[in-house]
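Me: I have a two-chain model on my screen. Please show me how to read its features, one at a time.

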Amino acid sequence: MSLSDEQFLRYSRHLLMADIGEQGQQTLLQSHVLIVGLGGLGCPVALYLAAAGIGRLSLCDADTVDITNLQRQILYKTEDCDQLKVDCAKTALQQLNPAIDVVAHASEISAEILELGADIVVDCTDNLAARQLLNCHCYQRATPLVSASAIGWEGQLVSFDFKANRRLCYNCIIDENAGDPTMNCANAGVVGPVLGAMGSLQAATVIRMLLGQFDQHGEMQRYDAKTGRWLYLTASPKPLCAICATE
Amino acid sequence: MVKLLFFGRLSDYANGVPTQIQASTAAEIRQQLVTEHPLLATELSEPQVLVAVNKQIVDWQQALQDGDEVAFLPPVTGG
C-alpha cells in the first residue's frame with residue numbers, strides 16, 4: 001500500500017533520506033513496538049516512535065502520574081496527576097499522530113503482554129527483575145531488545161538483536177542474582193535530560209533495527225552528563241549464562 | 001602497573017586515589033582501596049558495579065596485564 005498525501009507530508013523528512021525513503025517508512029508503519037515502563041525513558045521513546053510513524057505502539061505501565069514525575073516524564077501534564085500513565089500517554093501520542101495504533105496495558109509486564117508479538121521490546125523499566133524478565137523473554141522469542149537506564153547524571157544503553165545473535169544477553173553483563181543497588185532515582189535523584197538523551201537513543205536504535213541497520217549487539221554506551229563524557233564498552237558471552245548458554 | 005578509571009559518580013569518591021596501581025585482578029584493586037579509601041571501596045561493593053579492562057566488560061577475577069586500563073562503572077538502573 002502506498003503512502004497517503006497526508007503521510008507524504010508528515011513523514012517527508014524521512015522520505016528525503018536515501019536510507020529510509022518510502023520503503024523504510026512503510027516498514028516503520030507496519031511495525032509493532034512494545035514499550036515497557038512509561039517513566040523518564042519511556043516518555044521520550046514513545047514520543048519519538050509515535051512521531052516516526054511506528055504503526056503500533058503497545059505501552060505497559062501500572063503506575064499513575066505523580067507530581068514528582070513531572071520534572072522529567074515529558075508526556076504528562078500537571079492535570080494528569082493520579083491518572084494512569086498509559087492512558088495519559090495514549091491520549092498524548094494519538095494527538096501527536098492519530099493514524100497509529102496505541103494500545104495501553106495498565107499493568108505490570110506479564111507473559112500475556114509479551115506474547116502479543118511485538119517486533120522489538122524497549123526496556124524502560126527501573127528494576128533488575130523486570131529487565132531480566134524482558135531479557136529472558138526476548139531471547140527465547142528471538143525478539144530484539146533495546147534496554148536503557150539512568151540515575152543522577154548517568155545513563156546506560158545496551159541493545160540485543162536476538163534474531164541475528166544467539167549468544168550474549170543482558171544476563172551475561174548483569175547477573176540475574178546481582179540484586180538491585182541501594183541507589184535508585186527515588187532516593188538519589190536523576191536529571192531529566194539524561195533520561196531524554198538515553199530515551200532518544202533507544203528510539204533511534206529501534207528505528208535502526210526496524211530498518212535493518214543495527215550491528216551493535218551487546219555493545220554498551222555509558223554517558224556521564226556531569227562531565228560530558230561517553231564510554232563505549234564491549235562484552236563477551238558468559239560461558240555458563242542461564243539464558244543464552246543453554247541452546 | 002594498571003591504569004585506573006572511575007566513571008560517573010564513582011569519580012566523586014576517588015580523590016587521592018593513584019591513577020596507576022599494582023594489582024593482579026580488579027577484585028584485588030578493590031581490596032587495596034579498603035583501608036585508605038573506604039567510601040570508594042564500599043561503592044565498588046554495590047551490586048551491579050561493572051569492571052571493564054581495555055573497554056571490555058570482564059569478571060572481577062580476570063587476570064590483569066601490565067599497562068591495562070581498568071575502568072569501574074557504577075550501577076545505573078533507574079528509568
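Reply: First, the ground rules. This is a predicted model: local features need pLDDT of at least 70, side-chain atom pairs count only at pLDDT 80 or more, and totals for chains, interfaces and linings use all residues. Residues are numbered from 1 along each chain as its sequence is written, chains are lettered from A and ligands numbered from 1 in the order in which they are written, and side-chain values use heavy atoms, with hydrogens and water left out.

Me: Which salt bridge involves Arg9(B)?

Reply: Side chains of opposite charge can pair when their charged atoms come close. The rule for a salt bridge is a side-chain nitrogen of Lys or Arg within 4 Å of a carboxyl oxygen of Asp or Glu. Arg9(B) meets Glu154(A) at 3.3 Å, N to O. Glu154(A) sits in strand S6 of chain A and Arg9(B) in the loop between S1 and S2 of chain B, so the pair joins two chains. Strands (E, at least two residues) and helices (H or I, at least four) are DSSP runs, numbered from the N terminus.

Me: What else does Glu154(A) pair with?

Reply: Arg222(A), with the closest N and O atoms 3.5 Å apart. Arg222(A) is in strand S7 (residues 220-224) of chain A and Glu154(A) in strand S6 (residues 154-160), so this bridge ties together parts 68 residues apart in sequence. Shared partners join Glu154(A), Arg222(A) and Arg9(B) into one network.

Me: Are Arg222(A) and Glu154(A) buried or exposed?

Reply: Buried means under 20% relative accessible area, exposed over 50%, partly exposed in between (1.4 Å probe, protein chains only). Arg222(A) is buried at 0%, and Glu154(A) is buried at 3%. Arg9(B) is buried too.

Me: Which residues of helix H1 of chain B are buried?

Reply: An α-helix has 3.6 residues a turn, so residues three or four places apart point the same way. In H1 (residues 26-36) of chain B, the buried ones are Ala26(B), Ala27(B), Ile29(B) and Leu33(B). They cover an arc of only 150° around the axis, so they lie on the same side of H1(B). The arc is that of the directions from the helix axis to the C-beta atoms. Gln31(B) and Thr35(B) are exposed on the other side.

Me: Where does Lys55(B), with its positive phi, lie?

Reply: Most residues other than glycine have a negative phi, and most peptide bonds are trans. Lys55(B) has a phi of about 70°. Lys55(B) lies in the loop between strand S3 (50-53) and strand S4 (56-58) of chain B, and is partly exposed at 37%. Its side chain meets Glu69(B) in a salt bridge (3.3 Å, N to O).

Me: What is the phi of Ala142(A)?

Reply: Near 55°, also a positive value. Ala142(A) is in the loop between helix H7 (128-141) and strand S5 (145-151) of chain A.
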